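Hi,

Have a look at it first, then read on.

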Amino acid sequence: MNESFIKSPLNYICGKYKILSQIVPLFLKDINCFVDLFVGEANVGLNVKAKKIVLNDNLTYVIDLYRKLQITSREKVLEYIYNRIDKHALSLQIYQFEEGIQQDKKSVRFICSNCLFF
């Protein structure tokens, strides 16, 4: 697995993260506009190099979540998650996720800044 790929914060059945190393090399090197029609967990859209990226899904709540993540700081998102973990006495796996982020900040981001969601 190529360690430089960004992993989506969501986990979908049939997600494409595990096969990104097979998919990404097939893309053109100079993409003006990349359209991911069935974005799901967004692993392809987060890892494609393009001037403009359009992400689409018929699950509007998923698109709404991505839009919110795109405009909200990483710190605010993690603060919200930590508060929910504490409030409901949930698993501490997110803290392990955060430790991974701290170790490699340059390669971690939630949502690409040049993505459009539909």
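One definition to start: helices (H or I, at least four residues) and strands (E, at least two) are DSSP runs, numbered from the N terminus. What you have is a predicted model, in which local features need pLDDT of at least 70, side-chain atom pairs count only at pLDDT 80 or more, and totals for chains, interfaces and linings use all residues. Residues are numbered from 1 along each chain as its sequence is written, and side-chain values use heavy atoms, with hydrogens and water left out.

**Overall layout**

The protein chain has five helices and three strands, and they come in the order α-β-α-β-α-α-α-β along the sequence. Of its 118 residues, 36% are buried (buried means under 20% relative accessible area, exposed over 50%, partly exposed in between, with a 1.4 Å probe and protein chains only). The accessible surface is about 8100 Å², and carbon and sulfur atoms hold 58% of that; areas come from the Shrake-Rupley method with a 1.4 Å probe, and for residues only the protein chains shown count as cover. Taking contacts (heavy atoms within 4.5 Å) with a separation of 6 or more, 53% are between residues 24 or more positions apart.

pLDDT is the predictor's confidence in each residue, from 0 to 100. Its mean over the protein chain is 79, with 75% of the residues at 70 or more. Where pLDDT is low, the predicted coordinates should not be read in detail.

**The core**

Which residues touch the most other members of the largest nonpolar core? They are L20, F34, V39, I53 and Y66, out of 21 residues in that core. (A nonpolar core is a set of buried Ala, Val, Leu, Ile, Met, Phe, Trp, Tyr and Cys residues joined through side-chain atoms within 4.5 Å.) At least two core residues come from each of β1, α2, β2 (50-55) and α3 (60-71), and α3 gives the largest share, four residues.

**Salt bridges**

I count a salt bridge when a side-chain nitrogen of Lys or Arg is within 4 Å of a carboxyl oxygen of Asp or Glu. The whole structure has three.

- K51 pairs with D30, with the closest N and O atoms 3.2 Å apart. This one links distant parts of the chain, 21 residues apart: K51 sits in strand β2 and D30 in the loop between α1 and β1. K51 and D30 are both exposed.
- R67 pairs with D64 at 3.9 Å, N to O. Both are in helix α3, three residues apart, or about one turn of the helix. R67 has a relative accessible area of 37%, so it is partly exposed, and D64 is partly exposed too, at 45%.
- E75 pairs with R74 at 3.5 Å, N to O. E75 counts as exposed because its relative accessible area is 52%, while R74 counts as buried because its value is 19%.

**The loop between β1 and α2**

Two residues in this loop are worth a look. L37 lies between β1 (31-36) and α2 (43-47) and is partly exposed, at 48% relative accessibility. Together with V35 and F38, L37 makes a nonpolar surface patch of about 330 Å². (Patches are made of residues with over 30% relative accessible area and no salt bridge; like charges are joined within 9 Å, nonpolar side chains (Val, Leu, Ile, Met, Phe, Trp, Tyr) within 5 Å.) Neighbours within four places in sequence aside, L37 is in contact with N56 and D57. Its C-alpha atom is 9.1 Å from that of N58, a residue 21 places away along the chain.

The other one is A42, also in the loop between β1 and α2. A42 is not a glycine, yet it has a positive phi of about 75 degrees. Is A42 buried or exposed? With a relative accessible area of 1%, A42 is buried.

Cheers
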